[in-house]
Amino acid sequence: ILYFAPFAIVSACVDPPTTSFRQLVTSAPTVFTFQVTSASYVRESLGGGTYTEYVVGEIRVVEELKGEASQFKRIKYSFRGCGSVRISVGQLYLAATSQAGPQLHLWGTDQAILDLTRDFYHENGRQSRAVQVVKSVISGAAVPEDFPRAELESPLVVYPAPPPPPSPEDG
């Protein structure tokens, strides 16, 4: 006997390999702060009824810390599924990358960003502790053990890792 059950389309994916900001900040040729000034949803047909979707945003380089950051004008990122990142228009971010502009593509191991929302940053006033640490690292100092703080990375996470299962002792 054959059993015909209703089925659902299942999608599975694996997050792309990434490099932490801590790992990348010492070797990245370009490090800068930027503000996202606008963002647009893009749905691109791949043919045969399939498509990909992503966001392209305009950015303003606020401060070049290392390299030629002025070449960057846009940012591209996924907001759904694997490799997603949470980016907000108006917010300030700190990027370390080996990419060449004009577009910073948030996917893979050649870039890492931090969200400066919880680490006060103003281009004309007091700068964030994260930016000060990065300036020190660029000048040759060691990366501090506690850098970056989780508060600089967690706002970017769309799908956080699930908590570990309870131990048998907790049961």
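Start by selecting Phe32, Phe34, Phe72 and Tyr93, which ring pairs link into a cluster. Rings of Phe, Tyr and Trp (its six-membered ring) pair if their centres lie within 6.5 Å; planes under 30 degrees apart count as stacked, over 60 as edge-to-face and the rest as tilted. The model is predicted: local features need pLDDT of at least 70 and side-chain atom pairs count only at pLDDT 80 or more, while totals for chains, interfaces and linings use all residues. Residues are numbered from 1 along each chain as its sequence is written, and side-chain values use heavy atoms, with hydrogens and water left out.

**The whole chain**

Now show the chain as a cartoon. The protein chain has three helices and six strands, in the order α-β-β-β-β-β-β-α-α from the N terminus on. Helices (H or I, at least four residues) and strands (E, at least two) are DSSP runs, numbered from the N terminus.

**The sheet**

Select the six strands next. They form an open sheet in the order S5-S3-S2-S1-S4-S6, with mixed pairing. Strand S5 (103-105) and strand S6 (111-115) are the edge strands, each pairing on one side only. From one strand to the next, the twist averages 35 degrees. Two strands pair if DSSP finds at least two bridges between them.

Go to S1 and S2, which run antiparallel and are joined by 15 bridges. These two strands form a hairpin with two residues between them, and Gly48 in the turn has a positive phi of about 65 degrees. Pick Arg43: its bridge partner in S2 is Glu53. The charged end of Arg43 sits over the ring of Tyr51, 3.4 Å from the ring centre. A charge sits over a ring if NZ of Lys or CZ of Arg is within 6 Å of the ring centre and within 35 degrees of the ring normal. For another such case, select Lys76, which lies over the face of Tyr54 at 4.2 Å from the ring centre.

Then follow S1 to S4: the two pair in the antiparallel sense over six bridges. Here Phe34 stands opposite Tyr93 in S4; both residues belong to the ring cluster of the opening stop.

Next, move to strand S3 (residues 74-77), which runs parallel to S5 and is joined to S5 by three bridges. Ile75 stands opposite Leu104 in S5.

**Across the sheet**

H2 lies across strand S1 (30-47), strand S2 (50-66) and strand S4 (92-97), and runs at about 70 degrees to S2. Axes are lines fitted to C-alpha atoms, for helices over the stretch in contact, and angles run from 0 to 180 degrees between N-to-C directions.

Select Phe21 and Phe147. They form an edge-to-face aromatic pair, 6.1 Å centre to centre with 70 degrees between the planes. Phe21 lies in helix H1 (residues 21-24) and Phe147 in the loop between helix H2 (129-138) and helix H3 (150-153), so the pair ties together parts that are 126 residues apart in sequence. Phe21 is buried, with a relative accessible area of 1%, and Phe147 is buried at 4%. Buried means under 20% relative accessible area, exposed over 50%, partly exposed in between (1.4 Å probe, protein chains only).

**Last stop: Gln111**

Finish at Gln111 in strand S6, which counts as buried at 9% relative accessibility. Leaving aside neighbours within four places in sequence, Gln111 has contacts (heavy atoms within 4.5 Å) that include Thr19, Leu24, Ala96 and Leu104.
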